[in-house]
Amino acid sequence: MQERNGKPLEADLQVKPLDAESKQAPLEAESLLAFPTPFPIKIIGRREGGFTTAVIQIILRHAPDFVPGTLETRPSRQGKYISLTATVNATSREELDSLYQELCDHPTVVMVL
């Protein structure tokens with residue numbers, strides 16, 4: 001049995017009962033975010049032609065009010081990767097989830113935080 005901080009890992013798991021109709025765990029009533037809210041997203045990818053443009057297009061599909069001029073960029077020390085930070089006006093958890101998913105699915109994206 002694996003342990004973390006002297007406690008079994010199983011002690012950290014909380015099993016939620018399935019909803020009989022949808023066969024899914026019920027959504028938690030409390031959210032750490034109150035929507036709408038400004039939400040920064042960091043996207044790290046290979047420094048290839050079109051990476052920044054592709055990321056902006058994805059963001060605009062999910063957050064049409066995003067202003068591309070506010071995108072912050074930072075190259076890696078070696079210049080192989082680039083980090084983009086976009087602050088979107090998130091209107092829902094679903095919007096953020098679909099934005100993260102599409103960003104993660106892009107072939108030049110290495111990581112989304």
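**Entry 1: a first residue**

Is Glu 102 buried, partly exposed or exposed? I looked it up: Glu 102 is partly exposed, at a relative accessible area of 25%. I note for myself that this is a predicted model.

**Entry 2: confidence**

Before going on, I checked the pLDDT. The chain has a mean of 83, and 73% of its residues reach 70 or more. Two stretches made me careful. Over residues 1–5 the pLDDT stays under 50, and the model has nine contacts there beyond four places in sequence. Residues 9–16 also stay under 50, with eight contacts beyond four places in sequence. Where pLDDT is low, the predicted coordinates should not be read in detail. I left those two stretches alone.

**Entry 3: salt bridges**

How many salt bridges does a search of the whole structure find? I got three. Side chains of opposite charge can pair when their charged atoms come close.

I began with Arg 61, which pairs with Glu 102; their closest N and O atoms are 2.5 Å apart. This pair joins distant parts of the chain, since Arg 61 sits in helix α1 (residues 51–62) and Glu 102 in helix α2 (residues 93–105), 41 residues apart. For accessibility, I found Arg 61 exposed, with a relative accessible area of 54%, while Glu 102 is partly exposed at 25%.

Next I turned to Arg 93 and Asp 97, whose closest N and O atoms are 3.3 Å apart in a salt bridge. Both residues lie in helix α2, four residues apart, or about one turn of the helix. Arg 93 is exposed at 53% relative accessible area, and Asp 97 is partly exposed at 40%.

I have both down as partly exposed: Arg 46 at 31% and Glu 48 at 40%.

**Entry 4: the two helices**

Two packed helices are described by the angle between their axes and the distance between the axes. Here the axes of α1 and α2 come within 9 Å and cross at roughly 160 degrees. Angles over 145 degrees count as roughly antiparallel, so that is how α1 and α2 run relative to each other. I also noted that their crossing is right-handed.

Which residues of α1 meet α2? My list from α1 is Val 55, Ile 58, Ile 59, Arg 61 and His 62. They meet Glu 95, Ser 98, Leu 99, Glu 102 and Leu 103 in α2. I was pleased to see Arg 61 and Glu 102 turn up here again.

Technical notes: Residues numbered from 1 in each chain as written. Predicted model: local features only at pLDDT ≥ 70, side-chain atom pairs only at ≥ 80, totals over all residues. Heavy atoms only, no water. Salt bridge = Lys/Arg side-chain N within 4 Å of Asp/Glu carboxyl O. Buried < 20%, exposed > 50% of the residue type's maximum accessible area, 1.4 Å probe, protein only. Helix = DSSP H or I, 4+ residues; strand = E, 2+ residues; numbered from the N terminus. pLDDT = per-residue confidence, 0-100. Contact = heavy atoms within 4.5 Å. Axes fitted to C-alpha atoms, helices over the stretch in contact; angles between N-to-C directions. Parallel < 35°, antiparallel > 145°, perpendicular 65-115°, else oblique. Left-handed = near helix turned anticlockwise from the far one by under 90°.
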